[in-house]
Amino acid sequence: MASASSPATFPRPRSGTPLLTVMDRYIAKELTMPFLFGVGAFSSIGISIGALFELIRRITESGLAITLAAQIFLLKLPEFIVLAFPMSTLLATMMTYSRFSSDSELIALRGVGVSIRRIITPAVVLSLLVTGLTFVFNELITPAANYRAAITLEQALKSERPPFQERNIFYQEFQPASDDPAAQELKRQFYARRFDGTTMHGLTILDFSQEGLNQVVSAESANWDVESNAWTFYNGTIYVVAPDGSFRNIITFETQELQLPRTPLDLAGRTKNDTEMNIAEATQQLELVRQSGDEKMIRRWQIRIMQKYALPFVCVVFGLVGASIGVLPQRTSRATSFGISIVIIFGYYLLSFITNAMGEVGVLSPFMSAWLPTLLGLAIGLYLLFRASK
């Protein structure tokens with residue numbers, strides 16, 4: 001196989017000679033080093049901006065131990081490595097195929113009858129492998145590592161958070177408006193001042209579920225009764241209020257069972273954010289949010305779940321785009337390829353940010369909000385491949 005300084009020459013194979021297998025191995029070898037370089041470079045930049053500077057500030061201002069900072073740093077690494085996979089795929093394919101083009105190795109391959117589509121097949125296979133690796137990281141490694149990093153930091157700062165929300169538990173439940181079924185109006189609002197893991201204290205519930213009759217429930221404490229599948233309130237008062245604001249009835253009680261949703265208890269028991277959840281956990285959270293009827297929150301969680309599916313396939317898009325651009329006749333340096341990669345990455349993630357915002361306000365569906373950048377990038381990659389093949 002020719003060196004980088006001279007064109008590659010491939011003698012026409014005899015019948016049965018596995019020339020293409022040799023070519024695949026050669027291209028795969030050439031793709032590996034730029035890919036590893038990209039993973040190291042992009043993940044280093046990302047973790048420096050996203051975690052390292054904050055940890056240094058914690059060390060100097062809050063007295064965070066260096067050993068714990070190093071542990072948190074290592075736990076945050078998977079998050080930025082997985083973000084570097086698509087970018088590294090783009091960089092590797094563009095740098096490798098640009099070098100093949102500038103060194104006339106592509107001309108040599110075309111001269112022995114190898115098509116452009118066959119030449120970039122190793123890049124597509126690499127992209128698919130990285131897609132699978134990205135999915136594994138996103139599901140099995142990154143969420144658990146992010147959650148552990150958050151717990152470790154809070155323990156180190158003597159603010160260990162329990163596996164539940166301790167104060168100010170809010171829950172709002174919505175229903176279709178009586179005058180406009182397409183609109184939403186508040187059905188019930190649940191508030192608890194404090195939660196110790198089993199009992200909620202200082203509760204106030206505003207109930208607008210009955211037309212023409214509103215209720216205000218105030219109680220010292222409440223527990224969820226598993227057997228009766230209802231809330232048991234203690235030492236409280238129920239105010240029944242007419243639409244004109246006058247009191248219809250006032251009921252004081254020591255113990256009162258009310259048929260309210262269990263959702264506030266479930267929400268109080270969840271403190272993970274979306275980066276600390278895999279798809280299964282995010283889907284469970286979505287089911288809880290659905291019970292509230294809050295369309296904005298429902299859309300947000302639907303988008304987050306779709307993004308967890310879509311992100312790994314960015315590797316395929318970047319691999320196809322990078323290889324298709326790289327095989328075009330050109331003479332570009334590695335620095336130029338790196339610069340072009342940065343521009344493409346910036347454009348893609350800017351588009352992702354825009355479609356995410358459009359999805360959250362309801363302009364795009366959650367599916368299109370998450371998948372539109374990937375589908376558009378795939379279309380561009382296929383067009384570039386068609387153009388290069390001609």
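In this predicted model, H2 passes H9 in a right-handed crossing. The axes of H2 and helix H9 (residues 314-326) come within 7 Å and cross at roughly 15°. Angles under 35 degrees count as roughly parallel, so H2 ends up roughly parallel to H9. On the H2 side, the residues that meet H9 are Phe85, Pro86, Met87, Thr89, Leu90, Thr93, Met94, Tyr97, Ser98 and Ser101. Their partners in H9 are Val314, Cys315, Phe318, Gly319, Gly322, Ala323, Ile325 and Gly326. Sorted by class, the residues of this H2 and H9 contact come out as 11 nonpolar and seven polar, with no charged residue in the set.

H8 and H11 pack at an angle of about 30°, and their axes are 7 Å apart. With that angle, H8 also counts as roughly parallel to H11, and the crossing of H8 past H11 is right-handed. From H8, the contact draws on Gln302, Ile303, Met306, Gln307, Tyr309 and Ala310. These meet Pro366, Phe367, Ser369, Ala370, Trp371 and Thr374 in H11.

The largest pocket holds about 860 Å³ of space. It is lined by 31 residues, and the ones closest to its centre are Val82, Leu83, Gln307, Leu311 and Tyr349. One of these, Gln307, also turns up in the contact of H8 with H11. Six helices each put at least two residues into the lining: helix H1 (19-62), helix H2 (66-102), helix H5 (121-156), helix H8 (295-310), helix H10 (334-360) and helix H11 (366-389). H10 gives the largest share, with eight residues.

Two or more lining residues come from each of strand S1 (167-176), helix H6 (263-268), helix H7 (279-292) and H8. S1 supplies six residues, the largest share of this lining. H8 also belongs to the elements that line the largest pocket. The class count for the second largest pocket is 10 nonpolar, five polar and three charged residues.

Most residues other than glycine have a negative phi. Ser104, however, has a positive phi near 65° and is not a glycine. Ser104 sits in the loop between H2 and helix H3 (105-111). Asn229, likewise not a glycine, has a positive phi of about 55°. The loop that holds Asn229 runs between strand S4 (213-225) and strand S5 (230-241).

Notes. Residues are numbered from 1 along each chain as its sequence is written. This is a predicted model: local features need pLDDT of at least 70, side-chain atom pairs count only at pLDDT 80 or more; totals for chains, interfaces and linings use all residues. Side-chain values use heavy atoms; hydrogens and water are left out. On a 1 Å grid over the protein atoms alone, a cavity is a set of points where a 1.4 Å probe fits but cannot get out, and a pocket is an open set with protein on both sides within 12 Å along at least five of seven lines; lining residues have an atom within 4 Å of a point. Grid points are joined across faces, edges and corners, and a volume is the space filled by probe spheres set on the points. Helices (H or I, at least four residues) and strands (E, at least two) are DSSP runs, numbered from the N terminus. Ala, Val, Leu, Ile, Met, Phe, Trp, Tyr, Cys and Pro count as nonpolar, Asp, Glu, Lys and Arg as charged, and the others, Gly among them, as polar. Axes are lines fitted to C-alpha atoms, for helices over the stretch in contact, and angles run from 0 to 180 degrees between N-to-C directions. Angles under 35 degrees count as roughly parallel, over 145 as roughly antiparallel, 65 to 115 as roughly perpendicular and the rest as oblique. A crossing is left-handed if the near helix is turned anticlockwise from the far one by less than a right angle, and right-handed if clockwise. Contact means heavy atoms within 4.5 Å.
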